[in-house]
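Thanks for coming, everyone. Please look at the sequence and the model on the screen, and I will walk you through a few spots.

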Amino acid sequence: MTLIQMANLFTKIFGDGGDIRAFFAPGRVNMIGEHIDYNGGHVFPCALTVGNYAIARKRNDRKLRFYSHNYRKGGIMESSLDDLVFKKKDGWINYPKGVIWAFKQHGMEINCGLDVFVWGNIPGSGLSSSAAMEVVIGTMLKDFFDFKVSPIDIALLGQESENKFNGMNCGIMDQFASAMGKVDQAILLDCASLKYDYVPLVLSNCKIIVTNSNKPHSLTSSHYNDRRRECETALKDLQTVCKINNLCELTPEQFEQYKDVIKDDICRLRAKHAVYEEQRTKDAVAALKLNDIDTFGRLLNESGDSLRYDYDATCYEIDTLVDAARRQKGVYGSRETGGGWGGNTVSIVQDQFVEAFKENVGKEYRSKTGLTAAFATLEVGDGGRRII
Ligand code: GLA
């Protein structure tokens with residue numbers, strides 16, 4: 001949909017007039033560094049060119065009216081600045097409500113209601129449409145109400161709203177990538193300090209293929225929060241013998257030395273993933289800078305295997321996609337990306353083999369799962385912004 005079409009729909013739904021503005025925030029793909037943002041590790045995501053759009057205007061009262069073109073059957077959903085509480089029946093509008101709530105928690109009072117039209121073009125699940133929603137709403141609030149917040153503040157407010165309002169205990173990676181993304185660059189983000197560096201995501205003669213399994217995943221379905229708890233339990237045990245604040249402060253050697261103090265076998269595996277994933281992420285970025293695609297691809301594979309066997313964050317559909325991908329000609333690496341238990345994979349494929357890759361992987365996936373995978377070449381875009 002074009003911006004003009006969105007603006008026309010806005011006036012059709014909410015009426016003419018006033019100061020109508022448009023905003024965009026992207027989804028993200030994480031190249032490597034999975035499930036370690038909440039363990040104080042380094043992650044390596046990039047922003048996409050697809051994401052969520054918001055067309056909005058201030059109101060003269062305290063009503064909040066939202067309309068999603070993706071969920072248009074729900075019609076206009078109404079709430080109020082005086083009713084910023086999570087309600088299951090409110091569905092997707094809990095996300096924008098949560099962001100308004102988080103701003104308010106930090107003393108940024110929104111003094112009038114809003115009409116907001118949203119439309120998103122992120123395919124499937126697992127590419128952070130919720131973070132894109134939080135960042136686009138945060139960007140909109142900053143702009144309409146002149147709040148003195150940086151893009152990083154917007155990311156943190158989005159994370160806070162997701163943790164405390166929507167009950168999903170996510171780390172900072174998705175919101176950070178959506179707020180801070182840069183065209184053609186991935187972000188090496190130290191989640192303990194929020195220090196970051198942009199690294200060009202260029203792989204000569206290769207494409208990064210994002211494959212949507214079309215197997216929906218539901219992070220709030222407790223798996224994710226369980227993993228966080230397991231990591232916290234492992235950390236507590238380790239803190240009895242070493243002075244650390246986060247699992248990712250340990251080197252693999254230190255982990256091997258101390259791991260036996262972790263009482264629970266499962267928690268020990270989760271911690272192993274975190275510690276080794278941190279090392280892999282640093283090594284992968286170093287390899288990318290040297291254009292060493294063999295090493296970069298191998299580390300992606302190791303990350304995927306660790307997610308599968310040690311972190312138990314994949315599923316049959318994802319394993320099928322990854323196994324099929326790795327068997328194709330011209331593939332350097334393939335793994336699940338994002339929260340897990342469904343969603344998407346990323347694969348590094350040599351240019352001349354991309355078409356055969358899509359055909360063969362698509363066929364095998366359909367025959368083994370009955371689902372149709374969707375393939376897209378990764379396009380890396382800029383972070384959240386006002387567009388008109
Ligand atoms: C989800 C969360 C992120 C991160 C990833 C896993 O996308 O929102 O904070 O933990 O899972 O790397």
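Start with Ser-68. Setting aside neighbours within four places in sequence, Ser-68 is in contact with Trp-92 and Val-118. Keep in mind that this is a predicted model.

Where does Ser-68 sit? Its place is in strand 4, residues 63–68. Is Ser-68 buried or exposed? Ser-68 is buried, because its relative accessible area is 3% and buried means under 20%.

Now its polar contacts. The Ser-68 side chain reaches the backbone nitrogen of Asn-70 at 3.1 Å. A polar atom of that side chain also lies 3.0 Å from the backbone nitrogen of Tyr-71.

Next, the cores. Nonpolar side chains tend to be buried together in soluble globular proteins. Here, the largest nonpolar core has 69 residues. Which members touch the most others? They are Phe-103, Val-116, Met-140 and Leu-141. Helix 3, residues 129–145, gives the most to this core: eight residues.

Take Val-116. Beyond four places in sequence, its contacts include Phe-14, Ile-55, Phe-66, Tyr-67, Ile-137 and Met-140. Arg-65 is in contact with Val-116 too.

There is also a second, separate core. It has 29 residues, among them Phe-44, Cys-46, Ile-208 and Ala-287.

Last stop, helix 8. This helix covers residues 265–289, 25 residues in total. From first C-alpha to last, helix 8 reaches 36 Å, close to the 36 Å expected at 1.5 Å a residue. At its start, a side-chain oxygen of Asp-264 comes to within 3.0 Å of the backbone nitrogen of Ile-266. After helix 8 comes Asn-291, with a positive phi near 55°.

Notes:
Residues numbered from 1 in each chain as written. Predicted model: local features only at pLDDT ≥ 70, side-chain atom pairs only at ≥ 80, totals over all residues. Heavy atoms only, no water. Core = buried A, V, L, I, M, F, W, Y, C linked by side-chain atoms within 4.5 Å. Buried < 20%, exposed > 50% of the residue type's maximum accessible area, 1.4 Å probe, protein only. Helix = DSSP H or I, 4+ residues; strand = E, 2+ residues; numbered from the N terminus. Contact = heavy atoms within 4.5 Å. Expected span 1.5 Å × (residues − 1). Polar contact = N/O pair within 3.5 Å; in protein donor to acceptor, adjacent residues only side chain to side chain.
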